[in-house]
Amino acid sequence: MEKSLVTNINYYDFELPEELIAQTPELKRDHSRLMVLNKDEESISHHHFYDILDYLHEGDVLVRNNSKVIPARLFGTKEETNAHVEVLLLKDLGNNIWECLCGNAKVIKLNTIISFGDGSLKAKCVEIKEEGIRRMELIYKGILFEILDKLGKMPLPPYIHTECEDNSRYQTVYAKIEGSAAAPTAGFHFTSELFEKIKAKGITVVDVTLHIGLGTFRPVKVEDIKDHNMHSEVYEITQEAADILNKAKEEGRRIISIGTTSTRTLESCMQKYGKFVETREATSIFIYPGYTFKAIDCLITNFHLPKSTLIMLVSALAGHDFVMKAYNEAVKEKYRFFSFGDSMFIYGSKR
């Protein structure tokens, strides 16, 4: 099965009791549970996230996505009819044009104007796309992100049914560059104190940026996953980060990715250039079993949705059958799933 059927979408499905979908974050970030997978030995062990220190070694390079979630969920009215419209800002296309996912999209025609709040922010439809997507020109005075802080709500995933009491809990502690419509949730488990301990152990921490957009909200609908059209996202690697990563590769030190977005960033760059380079560009890389990893050695990640591209990426790293075994064990052991849920560390024998 490992080789012949891993492109069938149904092999990425699993039974998940609804009560295991975490609705709120752990009170203390690093007290979430941690499942550790040795992909070479196919062994599984159970810990808490603060135990991650035991699995990180001097010389390792830990890579994190410093993208910051914006309060991208807006509620407005259509100026002509006062129809209520929900707009989710997905991607900044430049010149105040944004790609948006719209609720009640059928009422948003070309040149429709939506007004938000007291009218300090308006959006004019300039292009109609499929699946509820519209390209909107944002009209405002002042600084957009300050306006969004007043008018917008955090774009929590649809499986979270409670509002976030503290918006900072839907951010990593190292979030810096505004632009994401969803959080790089694998980073939720880290605290500033934990990073201090990590650095004191001789581990280098490197930031990259990938703004998370539409793909987070788009399920895989095809039976053969090879037919899935992967979304495009913009990532950025600085020269300083590239130099650190290239040196680690040359010296045979481990590169450990925090989350699937950091992984896609690093693998996109390495796949295209054969090394890490300073760049800012789009990627639509789709990683599933059969892919040979060129950039990362280990991965810290959360437990992902059934039939999602994220569980496919994890399966590519650790093996489809082993990952599904681990997921079934996580259900049995009542791990918490998805954005506010528990974590997993995947590593191999390389030290």
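**Aromatic rings in a predicted model**

Ring pairs link Phe14, Tyr159, Phe303, Tyr327, Tyr335, Phe337 and Phe338 into a cluster. This is a predicted model, in which local features need pLDDT of at least 70, side-chain atom pairs count only at pLDDT 80 or more, and totals for chains, interfaces and linings use all residues. Residues are numbered from 1 along each chain as its sequence is written, and side-chain values use heavy atoms, with hydrogens and water left out.

Q: How many aromatic pairs does a search of the whole structure find?
A: The search finds 19. Rings of Phe, Tyr and Trp (its six-membered ring) pair if their centres lie within 6.5 Å; planes under 30 degrees apart count as stacked, over 60 as edge-to-face and the rest as tilted.

Q: Why is the pair of Tyr291 and Phe293 called edge-to-face?
A: Their ring centres are 5.1 Å apart and their planes stand at 85°, so the pair is edge-to-face. Tyr291 and Phe293 are both buried (under 20% relative accessible area, with exposed over 50% and partly exposed in between; 1.4 Å probe, protein chains only).

Q: What makes Phe303 and Tyr327 an edge-to-face pair?
A: With centres 5.4 Å apart and planes at 70°, the pair is edge-to-face. Phe303 sits in the loop between strand 16 (298-302) and helix 5 (309-318), and Tyr327 in helix 6 (residues 320-332), so the pair ties together parts that are 24 residues apart in sequence. Helices (H or I, at least four residues) and strands (E, at least two) are DSSP runs, numbered from the N terminus.

Q: Are Phe303 and Tyr327 buried or exposed?
A: Both Phe303 and Tyr327 are buried.
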